[in-house]
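Good morning, and thank you for coming.

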Amino acid sequence: MTSSDGIKTRPRYLELPDTFFSHVRPTPLRGDVRLVHFNGELAREMGLSVNTPEDWTDIGAGRALLEGMNPVAMKYTGHQFGMYNPDLGDGRGLLLWETEGPDGRIRDWHLKGAGQTPYSRFGDGRAVLRSTIREYLCGEAMHHLGIPSTRGLLLVSATEPVRRETLETAAALVRVADTHIRFGHFEYAAHHLGPEAVRTLADHTIRHHFPGLAALPETERYPAFFTEVVRRTARTIAQWQGVGFCHGVMNSDNMSIIGDTFDYGPYAFLDEFDARYICNHTDQGGRYAYNRQPEIGFINCQFLAHALTSLLDEDDLRRGMREYETTYNDTFINLMRRKLGLTEPDGNDMSLIMDTYSMLHEHGIDYTRFFRGLSTLPSQGPGPVRDLFVDRAVADAWLERYRSRIESETTSPEEREAAMRQVNPKYILRNYLAQNVIDAAQAGDDAPLAELLEVLRHPYDEQPQFEHYAALPPDWGRRMDISCSS
Ligand code: AMP
Ligand code: MG
């Protein structure tokens with residue numbers, strides 16, 4: 001493929017002053033390269049030709065650029081595990097270009113694993129097959145669960161060796177998002193460039209990504225922008241909590257300004273419920289444990305607030321921050337009510353939710369199976385829920401309390417079941433499922449990845465032919481130690 005035939009390019013990020021990026025060409029992957037997956041569904045949405053996906057292999061491998069691609073590494077900084085790091089930026093990824101789809105939606109394309117950049121520090125600029133598959137899978141899983149996320153468009157694998165804890169092989173991923181601007185971009189502007197740059201970046205972000213706010217007078221525009229970022233962040237994290245997702249590396253450079261779930265590393269979906277679950281094995285203090293995510297989201301918004309002090313006065317920032325708790329709580333309780341099939345709010349719902357969590361924690365109950373089992377109570381009876389408990393009496397006592405709570409509901413059991421099936425997934429991306437497809441792909445077989453992606457496209461549906469993907473993890477797949485090296 002030599003021309004960008006028919007693809008509409010819409011450069012936005014390059015409108016920013018060049019202090020926000022460096023021009024870098026991809027370093028071609030060495031050795032044999034193969035296309036591991038091409039996301040036909042997403043490509044179609046983006047108006048790309050899906051007839052000859054192999055044509056994209058050279059783009060993914062950094063061996064070719066389309067006419068109109070003008071790759072840059074973005075500069076940003078951020079707080080990592082609470083410590084400010086001024087030396088961040090795209091150390092192995094490049095913004096290739098931005099394109100507009102048939103629906104008018106503009107997306108930017110990030111080639112992850114594209115080689116070294118001025119921000120690579122000691123890194124080799126590469127990504128390994130294992131971690132790119134994990135990122136690719138999770139972007140799709142989240143998207144189809146209805147949780148905002150970046151998505152993978154294509155993934156290539158090369159025989160080029162890469163040293164991590166062991167010797168692995170290089171791969172690269174084209175990831176798309178409405179924007180790759182992070183909280184860390186604002187921290188960079190504020191702490192290294194100055195108030196003018198913060199304003200320029202804020203105006204740019206509002207114009208392109210929050211266009212509804214652009215016409216507001218300045219005194220309202222920036223507070224509305226900050227408040228909206230805070231709300232989106234709180235909403236996304238409430239959705240993570242609801243589905244049992246642990247991000248693992250919630251540094252402020254991994255926080256998307258538009259509230260996407262971003263930069264997948266050692267993430268996990270909970271199997272047996274453990275409120276204090278830590279999925280990142282280097283996070284010994286548990287800073288990013290499952291039950292700390294809501295608070296960490298708040299702290300990251302504070303870092304953002306700090307970066308915006310030249311634009312907003314303190315009262316506006318404080319008012320914006322207050323939205324976090326309100327939005328988080330509203331989103332979370334509404335979601336949990338829906339997961340429990342409760343349509344008529346009751347003052348005791350929060351204590352029911354909290355007691356349910358305590359029980360799941362104490363008895364180590366599989367989170368996904370529990371809520372799915374609850375969804376199918378009308379058609380399948382209590383078996384699927386009771387069977388999760390060693391101590392059936394605990395299940396029975398809880399089910400009794402639940403039964404008396406839903407007596408005050410006016411929806412029919414059938415309606416309730418249909419609604420609960422739409423919010424309690426049957427299929428989630430358990431770590432062992434990801435590991436199985438990684439093992440296969442490392443041995444040259446990409447079919448299991450394609451099949452798992454297919455399953456994850458319909459997480460709320462019964463898919464009888466794929467029933468085994470809903471199984472509990474085997475012993476080797478429980479509490480897997482996921483390295484953060486990627
Ligand atoms: P992450 O933990 O993946 O969010 O990355 C944190 C920072 O380290 C970002 O600036 C990345 O671009 C950079 N980085 C991570 N891995 C590498 C690598 N292998 N080579 C160069 N930079 C990297
Ligand atoms: Mg990152």
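Which element gives the largest share of the lining of the largest pocket? That element is α3, with three residues. This is a predicted model, in which local features need pLDDT of at least 70, side-chain atom pairs count only at pLDDT 80 or more, and totals for chains, interfaces and linings use all residues. Residues are numbered from 1 along each chain as written, chains are lettered from A and ligands numbered from 1 in written order, and side-chain values use heavy atoms, without hydrogens and water.

A pocket, on a 1 Å grid over the protein atoms alone, is an open set of points where a 1.4 Å probe fits, with protein on both sides within 12 Å along at least five of seven lines; lining residues have an atom within 4 Å of a point. The largest pocket holds about 930 Å³ of space, the volume being that filled by probe spheres set on the points. Its lining counts 39 residues, with Q80, R92, R121, C484 and S486 nearest the centre.

Ligand 1 takes up space that is this largest pocket, a molecule being placed there if more than half of its atoms lie within 2 Å of the grid points. Around ligand 1 are 16 residues, each with a heavy atom within 4 Å. Polar contacts (N or O pairs within 3.5 Å) include one from the backbone of G89 to a ligand oxygen at 2.6 Å, and another from the backbone of G91 to a ligand oxygen at 2.7 Å. A ligand nitrogen lies 3.3 Å from a polar backbone atom of R126.

Methods: Polar contact = N/O pair within 3.5 Å; in protein donor to acceptor, adjacent residues only side chain to side chain. Helix = DSSP H or I, 4+ residues; strand = E, 2+ residues; numbered from the N terminus.
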